[in-house]
Amino acid sequence: KTRCWPASTRVSLNKREVGDMGMKLILLGAPGAGKGTLASYLIEQMGVPSISTGNILREAIKNNTPLGQSAKEYMDAGKLVPDEVVIGMLKERIAKRDCKSGFILDGFPRTIPQAEALDEIAHIDCALSLEVADDVIEKRMTGRRVCLRCGATYHVEANPPRVKDVCDICGDKLVIRSDDQAEVVRHRLETYHEQTEPLKGYYEAQGKLKSIDGAQGITATEKFAVEALGL
Ligand code: AP5
Ligand code: MG
Ligand code: ZN
């Protein structure tokens, strides 16, 4: 079976060793495919941080910074924030020390220019694509609740918090994302098919693409990911 990292590094994998190997993983997938949910599981399994450009942007909006002010209108319309803005933001983030021994990218890259910029600054080991049909996604989004403080994601049925509308991790109040209204979701799906889905071909050409079924529930998706990544 093919693996995402060199065979020579396939030793007994405890968290520390995986981290030391520097696995650099991209999670690809439509809005609501479950990238953030899978990332929070893989952080534990791989012992590396996860970076969500969406979470960074939402935090900037919450804090009303210049970055947030410029990003808000794009996000609320279901469009992508301009490449130069997110590329700069991502470079700054992966230059931090905690990314030295690997990372998971959730929501970056989303365009070919972003992927090319990433190739200049990091050696990516694997792009894991979560495959979920659009109609499944539209249903999922109505039940999503998020914590804007720590970025945790819940679903009223598939993954409810212990206490209704309260974050298990930090205790903050859970909210519905402003871009989760049905009409914006449809727009985000269009944006995904037009601008982000071509990245599958980009990473396939580099021999780095793995695709898994993301429509079978959270535990099943975790299992497929572990198998695909050889964890
Ligand atoms: P971002 O925050 O990245 O949103 P997204 O890509 O649209 O993805 P989501 O976060 O909506 O979904 P997800 O795949 O993380 O799914 P989740 O795990 O939450 O980006 C937001 C915006 O920021 C973009 O539209 C753009 O404007 C801007 N932006 C961000 N990055 C950018 C970039 N690089 N370039 C330009 N602009 C950028 O799961 C969804 C729901 O389903 C949850 O409720 C969850 O509990 C549930 N769930 C998850 N998995 C399963 C499962 N297997 N079965 C059942 N339910 C499940
Ligand atoms: Mg997300
Ligand atoms: Zn929280």
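Reader: Which way do strand β4 and β7 pair, in the parallel or the antiparallel sense?
Author: They pair in the parallel sense, over 5 bridges, in this predicted model. Strand β4 covers residues 126–131.

Reader: Nice. Which residue in β7 is the bridge partner of Ala 127?
Author: That is Leu 209.

Reader: And which residues of β7 are on the covered face, and which on the uncovered one?
Author: Lys 210 and Ile 212 make up the covered face. Leu 209, Ser 211 and Asp 213 make up the uncovered one.

Reader: Let's stay with Asp 213. Where is it found?
Author: Asp 213 belongs to strand β7, which runs over residues 209–213. Asp 213 counts as partly exposed because its relative accessible area is 31%, between the cut-offs of 20% and 50%.

Reader: What does its side chain reach?
Author: The side chain of Asp 213 reaches the backbone nitrogen of Ala 215, at 2.9 Å. There is also a polar contact of 2.8 Å between the side chains of Asp 213 and Gln 216.

Reader: Which residues is it in contact with, leaving aside neighbours within four places in sequence?
Author: Those are Glu 131, Thr 221 and Phe 224.

Reader: Switching topic: what is the mean pLDDT of the protein?
Author: The mean is 92, and 91% of the residues reach 70 or more.

Reader: Where does pLDDT stay under 50?
Author: Over residues 6–20. For that stretch the model has 23 contacts beyond four places in sequence.

Key:
Residues are numbered from 1 along each chain as its sequence is written. Chains are lettered from A and ligands numbered from 1 in the order in which they are written. This is a predicted model: local features need pLDDT of at least 70, side-chain atom pairs count only at pLDDT 80 or more; totals for chains, interfaces and linings use all residues. Side-chain values use heavy atoms; hydrogens and water are left out. Helices (H or I, at least four residues) and strands (E, at least two) are DSSP runs, numbered from the N terminus. Buried means under 20% relative accessible area, exposed over 50%, partly exposed in between (1.4 Å probe, protein chains only). Contact means heavy atoms within 4.5 Å. A polar contact is a pair of N or O atoms within 3.5 Å; within protein, one must be able to donate a hydrogen and the other to accept it, and residues adjacent in sequence count only if both atoms are side-chain atoms. pLDDT is the predictor's confidence in each residue, from 0 to 100. Two strands pair if DSSP finds at least two bridges between them.
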